[in-house]
Amino acid sequence: MSSNLLDKGYQPHNVEKRWYDFWESQGLFSAKEKSEKPSYSIVIPPPNVTGVLHMGHALNNTMQDILCRYRRLRGDNVLWMPGTDHAGIATQNVVEKDLAGNGLDRHRLGREKFIEAVWEWRQEYGSAIINQLKRLGASCDWQRERFTMDAGLSKAVRKVFVQLYHEDLIYRGNYIINWCDRCFTALADLEVDHEEHDGYLYHIRYPFKEDEGSVVIATTRPETMLGDTAVAVNPEDERYHGIEDREVLLPLMNRTIPIIHDKYVDMSFGTGALKITPAHDPNDFEIGMRHNLERVKVIGDDGLMTSEAGKFEGLDRFECREAVVEALKTAGLLIKVEPYKHSVGHCYRCKAVIEPNLSKQWFVKAKPLAAKAIDAVKNGDTKIIPNMWTKTYFEWMNNIKDWCISRQIWWGHQIPAWTCQDCEEVIVAMDTPQTCPACSGDDLVQETDVLDTWFSSALWPFSTMGWPEQTELLNRFYPTSVLVTGFDILFFWVARMMMMGIHFMKDVPFKDVYVHALVRDEEGKKMSKSTGNVIDPLSVIEQYGTDAFRFTLAAFAAQGRDVKMSEKRVEGYRHFINKIWNATRFALMHLETGYEKIDRDHLSLPDRWILSRLNGTVDIVCKALDNYRFNDAASALYKFVWHEFCDWYLEAIKPTLYGSADQKQRQATLSVLWRVLRDTTILLHPFIPFVTEEIWHKLPGTEGSIMQAVFPSDDSDSIDSRRLDLDSESKMELISGIITGIRNVRGEMNISPSLSLAVMVQSQNESTRKIVQQHQDLIINLAKLDSITVQEPGERPPTAATAIVDGASIFVSLEGIIDFAKEKGRLEKEVIKLTGELAAISKKLGNENFLNKAPEEIVEKEKKKYARAVEKQQKLQATLNKIKEIT
């Protein structure tokens, strides 16, 4: 077998599409409904049908793919269920923009035609994210791909809604909700993004009705005062003792409203008196419920003031604010206005300011469902990893509010509720009713609202497997093994899947929830278009290849710690891919067949050592992946491949491969080389699937796809070569330590690698001396020596540099190698030069003017420059001291 079996350099783009098409065509991603193998299942967090691959998707799906490929290699029957989410508001917004470009809008089209337009858009563009996931190497069971609006999932959604309604867990009622007048729909609390704004606090005087005097309230939203129905004070606030049973006149409206006592009122905010607007504030709504207050809606769903706002009717809510303030000034009722920073809610989709508004909506009673979901985590039925998120989960679930599930849009699952126009009976049913069960009337009108996107997503783990039918897929793969998700949807999605899964399947939807962190830029800043620090995964893949990108994500994915991503890091791991490629290319120059058996009687120390290190690496990788420590697994593989297999083993066996050993020893080494290369390729496959598949097909003695290989483990047929050989590891550690010590002397003393050296090793320990003597050929070869002498401790050789390793003193003779006087002069000049450079940089960094005015990146650059100069100066000074010591 010759080296032309692998090209000189690895070209990822020539390889990736070819092997992905091969995997799909061979059905290697498909789970088996009937199998004796253990089941392992993951449901993909369904990306929005409008989505494009971003760093969050890349990290999340790389982790899932690593787990799925790993479990297949471990012998499991793996189902990775893929699909996309219909993304109600987001998709409707996209299609509406498309229509607007053609001079149309959904109202002119009508509901039916608009829904057709959305389906057409989905047909044309909806597969973009799926194709991008394939580019990432995602080994999903694509034949089972689902969509939250497909027929099967729609049936499941309807079944859940109908059952919950008849169980009195869904109801319809007037409630304060988050309203977006741009999207014209209600939003759940979690769909509101809160941002700090610089606003104003308006202090307004509310006169007493019967006599002189007034109460002053403070508000950031004076336009809502038009709907006030009370003023509240804390009963413990001494400033307002004796004020009970009084009434005030609502400014500008001349309406009498009561003063009430409620412990909710914060005595430290403003004046301690709180205006109560039950129709336009969630806290005021709760107070209004307790005190049976009227709800006056002064801001309409379109963002304009209603007739209840009197003379301000028809004004936009923000125009009304200005008009109200001017009217209060004129009436002498505005006491003062002061700047005030406060949090303002925005629609997570269109970014419009949210208006808390009174509306008739559909709700899920969350408390009864949450109770069992809390118990499931407490009992360990589902584990949240890292554990730090468990506390957050409990806090949210223990304080859960009823979930507003209706949305005033057209794209989504239309609520299966009909109202009889004759008697107002509400009918909720699986099938469209023909007549009213109460009055037999046939004039029935279906609810126009659709369900919140997260309602259908909450059913994802079981609806995708065929529920409400009791399918073989459900029996085999539910509950799923793990959910891999970002912390940002822990409550949007994970908690709701827990509630629905337990209620309808009587079991948790997943045994583990692995919560990964964010991908940030290299300085730890959140990526955003506005700051210009977004890294596009597809452009990174295009430049460096998928495998390098995936390995970078895994290498930095430490539990509970954000991933700091940069293209430089990906470039670094591209070098790692090339290292693997070149090592394989070298090995294939010598491997002519597969070697199933290893002749242990003829193994060298490096052979025994690398087999032991391979087995140790297998253990680390298995334990790490079983516990979702992706970075630990990647780190162990990197260390083993680069530093142990390539740097040490391949270099150590070159004399054997090139013919200086007898044939039996050469065959034994070739069998070890083949075994280690084969098993390492399998170990690496979950992380870097493309290059490993390419190598697998070039490696003699392999069959089929690497996806069908068996993961190395202690119970394999090669147990004799898999055991940990601690004796060989200890010996090799000593040998490699001596070689490293000699190499360090070369580096410190600036000795050319081409110059052969003479070395003496002294040790009190007879065992150490014996090991060095037995393996002196290995040391001479790798350290590039003329000779090596081993003896008990004695007189130190003259003009020799020293290194200490594990109780052995290493003396490297420098006589005739170095002109000490010349080298000493050179080093002293370098040290003086660096001292000047350091003084200049230090002066700059000590200048307050520079630190305050220079851009942050320039200051950081100078600090790094200073640190590098200090490190270089310390090394030069150490070498100078060593020369002085020797001479």
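How many helices and strands does the protein chain have? The protein chain has 28 helices and 29 strands, counted as DSSP runs numbered from the N terminus (helices are H or I with at least four residues, strands are E with at least two). What you're looking at is a predicted model, where local features need pLDDT of at least 70, side-chain atom pairs count only at pLDDT 80 or more, and totals for chains, interfaces and linings use all residues. Residues are numbered from 1 along each chain as its sequence is written, and side-chain values use heavy atoms, leaving out hydrogens and water.

**Overall build**
- Along the principal axes, the C-alpha atoms fill a box of roughly 110 × 70 × 55 Å.
- Take the contacts (heavy atoms within 4.5 Å) between residues at least 6 apart in sequence: 77% of them join residues at least 24 apart.

- Of the chain's 887 residues, 54% count as buried, meaning under 20% relative accessible area with a 1.4 Å probe, protein chains only.

**Cysteines**
- The disulfide count is zero, a disulfide being a pair of cysteine sulfur atoms within 2.5 Å.
- Cys-68 is in no disulfide, and its nearest cysteine sulfur, in Cys-140, sits 7.3 Å away; Cys-68 is also buried, at 0% relative accessible area.
- Cys-320 has its closest cysteine sulfur in Cys-180, 19 Å off and too far for a bond, and Cys-320 counts as buried at 0% relative accessibility.

Notes:
Buried < 20%, exposed > 50% of the residue type's maximum accessible area, 1.4 Å probe, protein only.
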